[in-house]
Amino acid sequence: MEIATEKHKKNQLEDASLIYHEVLKNDPQNAIALQLYGVLASQVKQYQLSVALLSQAISIDPNYIEALNNRGVVFKELRRFDEALVDFDKAISLDSSYADALNNRGITYRELGRFDESIKDLDKAISLKPDFKEAFNSRGNTQRDLQHFDLAMEDYNHAIQLDPEYVDAYWNKALCMLHLGDFGSGWPLYEWRWKRDKSISGEPIITSKPMWSGESDKTIFLWSEQGIGDEIMFASLLPELQQTSTHVILNCDKRLIPLFKRSFMGNISFCDDRDTVDENSYDFHIPIGSLPLILRPTLSSFKEGSKAYLKCQQSKADELKLALLEKQKEILVGISWLSKSKIPGAIQRNVELAEIAQHLNKPNIKLVNLQYGDVSGEIKNLKDNQNIDVIQIEEIDNKNDIDGLAALIMACDHIVTIDNATAHLASALGAKTKLLLPINHDWRWGQEKTTSYWYDSLQLYRQRQLNDWETNLLKISSEIQSKHN
């Protein structure tokens, strides 16, 4: 066991796994080996195996607080938050000074929007363990969600003081600064994303060519990162990169290529982000999320790219509009209500379809489904239970046919959406988009304003009370009605 734990500490996970397996083969009731093997399984994202191993350890020793805490962490990763809380509660009831479990319960409360309880747990964890950098970082995140930016910055700075190489604290400090509009300080810190866990930030490309830092008259390889919504948002900087470059090679999600080819003309070529690009074909490279470091140093610099920059297939949009309209005075309202983002707290973005549909369902409004993924069951339940129709265009796969979705968006008179890829696509197309934001909204939407510096056509509707979507949905419904009267 000592050899296994030593290899585990040195991150030699494959070797440690083999030894744990051998130990358990000879001693299946070894709770310590089960617990450690369960932690290792979670580290390599084998969450179901991890739960099984940790559960077995707990069945052998029901008061094994480390196993309870670690199983709670895995449940949290699986978004089984209620089960996570049960485990953390039991671990803390067995040892009220167990700072790790308090920190993890505080993180889980944050995910659920239970911010006061989160702060209470994290305060206690820090009081028990004053050098607990992870708890300072966690508390900073909850304070940021509550828009307590000064307190958040204090916590991030304290975590960095405890560990000057603490990657997550630098990353979260970057998000806090960007939220505040301090782009000069925020964008350089945003580069810390590449030092984070690769399963979160993705793998940077490997090339011997230098990073682009503003050189003109060169061929630039611009490579994608993060999600499709981020790719669309950062693509607003493409025309400026084209202006200063001889040629741009854009590597992006293949679903975006037809739309991007129509929208960005001239000295640019496109390739699937799964393809390898010969480094002899370019002079410099840069990840798309690093473009703002050079091109967006101030708030005023965003004006350059905030107008509509994507172009749908207009004939397709016209055809869809004609097919959707049954009466001349009908208003087509496209809706999207769900995000599957695994960013902490992202579940707070989601609105129930029934809630959004109830408030927008008016005699002269026809609701159109823009939500990606299979939501036919939700739409059927809405019809069966509340007799509200949401029109689905079967020929368009809203997840994989982004060009078709773009045309469908532009066939609508208004878009009402939560913070997901649909919001970015609609806004980049110049559609009249109304974005519902939770209290703990993302950094890119700034503070207080009802307008966005990223997109001119976007209106922001900020939640003032947790879980209160009704106030803004009533407002949106009234605005749409009055606009067409």
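Biologist: Is the crossing in which α6 passes α7 left-handed or right-handed?

Modeller: Helix α6 (residues 81-94) and helix α7 (residues 99-111) have axes that come within 9 Å and cross at roughly 150°, where helices are DSSP runs of H or I with at least four residues, strands are runs of E with at least two, and both are numbered from the N terminus. Axes are lines fitted to C-alpha atoms, for helices over the stretch in contact, with angles from 0 to 180 degrees between N-to-C directions. This makes α6 roughly antiparallel to α7, the term for angles over 145 degrees. A crossing is left-handed if the near helix is turned anticlockwise from the far one by less than a right angle, and right-handed if clockwise, and the crossing of α6 and α7 is left-handed.

Biologist: How many nonpolar residues has the contact of α6 with α7?

Modeller: Contact means heavy atoms within 4.5 Å, and the residues that make it include Phe 81, Leu 85 and Phe 88 of α6, and Leu 102, Arg 105 and Tyr 109 of α7. Ala, Val, Leu, Ile, Met, Phe, Trp, Tyr, Cys and Pro count as nonpolar, Asp, Glu, Lys and Arg as charged, and the others, Gly among them, as polar. By these classes the contact has 2 polar and 3 charged residues, while the number of nonpolar ones is 9.

Biologist: Which atoms do the side-chain values use?

Modeller: This is a predicted model, with residues numbered from 1 along each chain as its sequence is written, in which local features need pLDDT of at least 70, side-chain atom pairs count only at pLDDT 80 or more, and totals for chains, interfaces and linings use all residues. Hydrogens and water are left out, and side-chain values use heavy atoms.

Biologist: Which strands stand at the edges of the open sheet of 6 strands?

Modeller: The strands of this sheet pair in parallel, in the order β7-β6-β5-β8-β9-β10, and two strands pair if DSSP finds at least two bridges between them. Within the sheet, β5 (residues 331-336) and β6 (residues 365-369) are joined by 5 bridges. Each edge strand has a single partner, so one side of it is left without a neighbour in the sheet, and these strands are β7 and β10.

Biologist: At about what angle to β5 does helix α19 run?

Modeller: Helix α19 covers residues 353-360. This helix lies across β5, β6, β7, β8 and β9, and its angle to β5 is about 160°.

Biologist: Which residue of β4 is the bridge partner of Phe 221?

Modeller: Strand β1 (residues 219-223) runs parallel to β4, joined to it by 4 bridges. In β4, Phe 284 and Ile 286 point one way and His 285 and Pro 287 the other way, all of them buried, meaning under 20% relative accessible area, whereas exposed means over 50% and partly exposed lies in between (1.4 Å probe, protein chains only). The bridge partner of Phe 221 is His 285.

Biologist: How far apart in space are Ser 213 and Ile 286, C-alpha to C-alpha?

Modeller: Ser 213 lies in the loop between α13 and β1, and Ser 213 is exposed, with a relative accessible area of 51%. Although Ser 213 and Ile 286 are 73 residues apart in sequence, their C-alpha distance in space is 8.4 Å.

Biologist: How many of the 10 residues of helix α21 are buried?

Modeller: Among the buried residues of α21 are Ile 402, Asp 403 and Leu 405. Helix α21 (residues 402-411) is largely enclosed by the rest of the structure, because the number of its residues that are buried is 9.

How values were computed:
Angles under 35 degrees count as roughly parallel, over 145 as roughly antiparallel, 65 to 115 as roughly perpendicular and the rest as oblique.
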